[in-house]
Amino acid sequence: MHISVKTNARTQMIDITSKVQTAVKESGIKNGLVHVFSMHTTAAVTINENADPAVEADILNTINKVIPWDDHFKHMEGNSAAHIKVSLFGPSEIIPLENGSFVLGTWQGIYFCEFDGPRNRRVNIKIIPG
């Protein structure tokens, strides 16, 4: 199954925990693993704190300093910074599922990380019963 994510900035972190939870609920599966996968080479998925939005801002500010958009990259499309950021963050996460709920820490949430937006994106959700 897939969920859609609409981004509105070049770099952005969007908490998709509730969207993924809805997909899990609709599946009827209560226990197993949930694989959340970005279907794009310039967008990632990560797990991080979702209680304080300053964390998102700090992450984006830092990653944009470490990998600036214009650093004389050779890739013709002009979005090498986005490709590098995805390679560091990774395209997916696997979350345990018990009794219909994610096994996440108190402050953890699932984030879609846009590095070449704004765009309309798709995220694949695969629930593995177990």
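Me: Before we start, when do two strands count as paired?
Reply: Two strands pair if DSSP finds at least two bridges between them. Keep in mind that this is a predicted model.

Me: OK. What is the bridge partner of Ile14 in E7?
Reply: Phe112.

Me: How many bridges join E2 to E7?
Reply: Four, with the two strands running antiparallel. Strand E7 covers residues 108-114.

Me: In what order do the strands of that open sheet come?
Reply: E2-E7-E4, with antiparallel pairing. Strands E2 (12-15) and E4 (43-49) stand at the edges. Each has a single partner strand, so one side of each is left without a neighbour in the sheet. On average, neighbouring strands here are turned by 35° against each other, direction ignored.

Me: Which helix lies across E4 and E7?
Reply: H3, residues 80-89. Helix H3 runs at about 45° to E4.

Me: Switching to H1. Which of its residues are buried?
Reply: Thr17, Val20, Ala23 and Val24, in a helix spanning residues 17-27. They cover an arc of only 130° around the axis, which puts them on the same side of H1.

Me: Why would residues three or four places apart point the same way?
Reply: Because an α-helix has 3.6 residues a turn.

Me: And what does the face turned away from the buried side carry?
Reply: The exposed residues Ser18, Lys25 and Glu26.

Me: What follows H1?
Reply: Gly28, with a positive phi near 80°.

Me: Last one. Where is Asn124?
Reply: In strand E8, residues 120-129. Its side chain makes a polar contact of 3.4 Å with that of His2. Beyond its neighbours within four places in sequence, Asn124 touches residues including Met1, His35 and Phe37.

Note on methods: Residues are numbered from 1 along each chain as its sequence is written. This is a predicted model: local features need pLDDT of at least 70, side-chain atom pairs count only at pLDDT 80 or more; totals for chains, interfaces and linings use all residues. Side-chain values use heavy atoms; hydrogens and water are left out. A polar contact is a pair of N or O atoms within 3.5 Å; within protein, one must be able to donate a hydrogen and the other to accept it, and residues adjacent in sequence count only if both atoms are side-chain atoms. Contact means heavy atoms within 4.5 Å. Axes are lines fitted to C-alpha atoms, for helices over the stretch in contact, and angles run from 0 to 180 degrees between N-to-C directions. Buried means under 20% relative accessible area, exposed over 50%, partly exposed in between (1.4 Å probe, protein chains only). The arc is that of the directions from the helix axis to the C-beta atoms.
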